[in-house]
Amino acid sequence: MLETLNWIERYFDEVTDAVFIFKEEQLLVSNQLAKSLQTELNIDPNYLAEVANTSVKQKLSPTDDCFKCSIRNLMKEISIPITLANDKLHPLEYFLIYHVIDADNHIFSLTLKSRGIIERMDQVAEQKQLNQYVNRAHEEERKKISADLHDSIAQGVYSAIMGVRRLQEESLDEASTKALAQIIERQLNDTLTEVKGMALDIRPSVLDNFGLLPALRVLAQRTEENSGVDVEVVGKAETDQLSTNVQSVLYRIAQESIHNALKHAQASEISLLLVAHDHFINLEIIDNGVGFDIPKHRQFNGRSLGLMNMNERVKALNGSFEISSEPGNGTTVTAKFPITHLKGAH
Amino acid sequence: MSLENVDTQHDYQHLVNHIYQVDDFDFVGVALYATDQSTIKWYFVAGNQNEQFRKIVLRSGIGIAGLVVRTGKPFWKNSLQDYEYTDKMYTPIARVESLQNAAAVPIYLSAVKLVGGVLLAGYRSNHPVSNETTSRLSQYLDTF
């Protein structure tokens, strides 16, 4: 028991928040960090107690609309943002947390938590969440590829095998043999088309071999064939000098935006504009679809990474990313990247 | 084009026109395989609201017409506008022609069991399609 008390005392001294415990406005005990702060920053603990006190009074004041609010009365802690060392070069921002330990004996604690640390923790949490999203998206993508391989490719090859087996085993006359051969050829042809389409969806070789603009043209062509929707590509850019990363991200943004425009916006016309200027390259994807309310879609929707992913990818390469849309007025997605001077852009 | 001469092409146009005139469909179309068997596209239509259909390349197994191509059997579906772009039932021709309900039957160019094309007809209104619609379409093909 004594041992445990020792540990608790040690923890109290070593914890990274400054803790003061008061009894009836008098400082009773404080931990190591609180003492250091007190000496280094010249903080009067009574000042902190007074700040907390006024704040508590304020919250319980009858002029407040929320007096007697049952939720507030249940709150054991009150936190107050406070800036210490105001006169110094780097003021320190803290949360002062007021906590009643023993109401009958008027014992309460004040804890100073650094706001910087709290913000950093929020960032870390956000990063973790994003990582999870990315992982989930990767898994979803694999699931889709696997399903496509199984449903269309494997099935097509299987039917072709069955056809060849029939050719071997059945004694068919010349006309039937020819017809069956034609059917098999058709099946293999369809399968080939599917394989090519999948390869294009996963990673277009055009992008690696011929650059961004031809890749966008192929994407537009394929979209038109699959959907019947008009996709126009207007380009005025030499993309040879562009880094592979930027080209890939621009391509993915175009792909995702087209996909969104077809799937969610029911667009009947989509325009892609790729224009290079002296120091930046700009890609715009404009559709005439139903549009959407952007704030509602900022959060992760549980299925696709969509907007959030696009934004993250662009930010990682120092670009900027913007979506403007409102219900009934189509959507415009803009991505812009800084570049060093492009050869032959003008 | 899988058709040998201009006469048969003219005949398919004649067929879709005929069905469009005598029946109550809002759109009638025929898609045929290219000579090299690689692509299948809409060549003959009646009641179209734009020229978008020319851009579509049918995918075997996707959408009404694609399913008819793959299976060689008639197929019909109502409420087509409910399907999204990535769905297996997303039918591009229904999207560009705003068809709610449509039915399609295979076209066999010779006696062999090789689908040469698709005859599709549909409604922009809520007029439903059923087995009866596909058998009506088959009859048009038989008497053609």
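Me: Which residues touch the most other members in the largest nonpolar core?
Reply: Ala65(B), Ala102(B) and Ala104(B). That core has 45 residues. Keep in mind that this is a predicted model.

Me: Which elements give two or more residues to this core?
Reply: Helices H1 (6-22), H2 (63-71) and H3 (92-96) of chain B do. So do strands E1 (27-33), E2 (40-46), E3 (75-77), E4 (101-108) and E5 (115-123) of chain B.

Me: What is Ala104(B) in contact with, leaving aside neighbours within four places in sequence?
Reply: Ile64(B), Ala65(B) and Val68(B) are among the contacts of Ala104(B). Pro74(B) and Phe75(B) are on the list too. Val118(B), Leu119(B) and Leu120(B) complete it.

Me: Why does the radius of gyration of chain B agree with a compact globule?
Reply: Because a compact globule of 144 residues would have a value near 15 Å, and chain B has 14 Å. The C-alpha atoms of chain B fill a box of roughly 40 × 35 × 30 Å along the principal axes.

Me: How many of its residues count as buried?
Reply: 48% of the 144 in chain B. On contacts, take pairs at least 6 apart in sequence: 57% of those in chain B join residues at least 24 apart.

Me: New topic: the sheet in chain A. What is the strand order?
Reply: E6-E7-E8-E10-E9, an open sheet with mixed pairing. Strands E6 (230-236) and E9 (320-325) of chain A are the edges, each pairing on one side only. Neighbouring strands are turned by 10° against each other on average, direction ignored.

Me: How do E8 and E10 of chain A pair?
Reply: Antiparallel, over eight bridges. E8 covers residues 280-287 of chain A and E10 covers 331-338. Ile286(A) stands opposite Thr332(A) in E10(A).

Me: Which strands does helix H9 of chain A touch?
Reply: E6, E7, E8 and E10 of chain A. H9 (244-263) packs on the sheet at about 10° to the direction of E8(A). Helix H8 (212-227) of chain A lies across E6 and E7 of chain A, at about 170° to E6(A).

Me: Last one. How many residues of chain B are in contact with chain A?
Reply: 20, against 16 residues of chain A. The chain B side divides into nine nonpolar, six polar and five charged.

Technical notes. Residues numbered from 1 in each chain as written. Chains lettered and ligands numbered in written order. Predicted model: local features only at pLDDT ≥ 70, side-chain atom pairs only at ≥ 80, totals over all residues. Contact = placed C-beta atoms within 7 Å. Nonpolar A, V, L, I, M, F, W, Y, C, P; charged D, E, K, R; others polar. Rg over C-alpha atoms; globule rule 2.2 N^0.38 Å. Buried ≥ 20, exposed ≤ 12 C-beta atoms within 10 Å, placed from the backbone. Core = buried A, V, L, I, M, F, W, Y, C linked by C-beta atoms within 7 Å. Helix = DSSP H or I, 4+ residues; strand = E, 2+ residues; numbered from the N terminus. Pairing = 2+ DSSP bridges. Axes fitted to C-alpha atoms, helices over the stretch in contact; angles between N-to-C directions.
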